[in-house]
Amino acid sequence: MKSKTNDLWKKEISRRDMLKISGVGILGATAALSGVGSAARAIGFDFFDDDDTADNKIDFYGKHQPGIATPPPSHVYFASLSVLIHSESELRDLFKDWTPIADRLMNGEMLEGPVGNARPPADTGESSGLDASNLTLTFGAGPSLFEKLGIKHKKPDELADLPHFPGDQIDPAYSGGDLCIQACADDPQVAFHAVRNLVRAASGKVRLKWTQAGFLPARKSGKPGETPRNLFAFKDGSVNTDPSNDKEMNKVVWVRPGDSAGWLTNGTFLAVRRIQMHLETWDRTALKDQEKTFGRHRDSGAPLGKKKEFDSVDLEEKDISGNPVIPADSHMALARQAKESIFRRGYSYSDGLVAETGAYDAGLLFISFQKHPKQFIAIQNALGRADKLNEYITHRGSALFACFPGIRKGGYIGESLFASI
Ligand SMILES: C=CC1=C(C)c2cc3[nH]c(cc4nc(cc5[nH]c(cc1n2)c(C)c5CCC(=O)O)C(CCC(=O)O)=C4C)c(C)c3C=C
Ligand SMILES: [Fe+2]
């Protein structure tokens, strides 16, 4: 914290300052931290951990979790976890332990603890010298969590494994999970480091189930605000929910009071699909067929028959032979058929080869946020049945998580879940 110490007048104090004052040392063991937290609260101070002066830093605290409406940095490290604990109180302790760590990671700070050559360093260390890199950490709970912890009564009904969709070839190795951590950052090493250190701090309480790294074009190499291209070279995200528009986000993404379980208010549902894209087949496909597949021009991103990316889409328009200009089986036409909206925030991935075929194991780590999973399900049902794009893709991984509301200063991850009955 570079400048917040004199905010004592405002009754705000950082955990680090508090630790210094109490002589515990900077961010010691998390057990020590929670003790200091109570001490701080007891004398009337609120936490004020966010280091607003840190470089390239996103706020950890707020009404909604970061990593949803915040601009997507160029890398993701997505981790699905299995819990090894058995009770709600153990989960609460885990989230209390993770909170100051997540805050510190998002401030671009190294984890600190007891030192000495005879023990492993407190921080795994690979982000040493790197800044916060716009790291965001987003935490979610999968349907299986509630059963494992004996709290099925707290599971929102709509939080269930996604159904089987036509054409799915789902591999359990990339599916499900009790918890998820979505780490996004402009530096892939920062995203990886964050997950690694959170999982390490929870040793014996969670283990990794599956992970997936992903990427977007680096923000600094493209024109600002330009829609990124996917691995089929098409602009992906031209029509999407606008994360800066609160009205739209409230309609499409954020759970509002009465929409779901009360504890999920201001949270959302995260659907994730690991979708292999058959690059070899695509690269043998004529440009006009590629464009008919999406219903858009490749270079401009414009709807077929139009000039500019954001020109309006007219699915009724016919060519001189009376055929639709935008084919009815194009990805865009079918995605619209469901008349549902979602907020897409996916990343490309490339993971070596598929052993059996020697093909690229590359594609889209599709991630969407919506206030109810039925929004995603309706669109995927429409696509799964008839999408021309299905000739070029295979869905291989699938999971659904309920992402907690944002974390309040002085609070902890998932707090509302434990306050609910
Ligand atoms: C269930 C939801 C969706 C999945 C799964 C999905 C996979 C997928 N999409 C592309 C590439 C593009 N998608 C585009 C548009 C688009 N896609 C969805 C939903 C899913 N896509 C929606 C709701 C939309 C918007 C439709 C509209 O209202 O116009 C586009 C066009 C450009 C754009 O608007 O973003 C592309 C390109 C791939 C490659 C893929 C799986 C690998
Ligand atoms: Fe799409």
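Which elements do the buried residues of H10 pack against? The views below work towards that, starting with the ligand.

This is a predicted model, where local features need pLDDT of at least 70, side-chain atom pairs count only at pLDDT 80 or more, and totals for chains, interfaces and linings use all residues. Residues are numbered from 1 along each chain as its sequence is written, while chains are lettered from A and ligands numbered from 1 in the order in which they are written.

**View 1. Here is the shell around ligand 1.** It has 27 residues (C-beta atom, placed from the backbone, within 6 Å of the ligand), and Phe-234, Ser-238, Val-239, Ala-335 and Leu-364 are the closest. Sorted by class, 16 are nonpolar, 6 polar and 5 charged; nonpolar means Ala, Val, Leu, Ile, Met, Phe, Trp, Tyr, Cys and Pro, charged means Asp, Glu, Lys and Arg, and the others, Gly among them, are polar.

View 2. Helices (H or I, at least four residues) and strands (E, at least two) are DSSP runs, numbered from the N terminus.

**View 3. Now look at H10 and its buried residues.** Buried means 20 or more other C-beta atoms, placed from the backbone, within 10 Å of a residue's own; Pro-373, Phe-376 and Leu-383 are among those that qualify. The buried residues of H10 pack against S7, H9, S10 and strand S11 (393-403), with contact meaning C-beta atoms, placed from the backbone, within 7 Å.

Key:
Buried ≥ 20, exposed ≤ 12 C-beta atoms within 10 Å, placed from the backbone. Contact = placed C-beta atoms within 7 Å.
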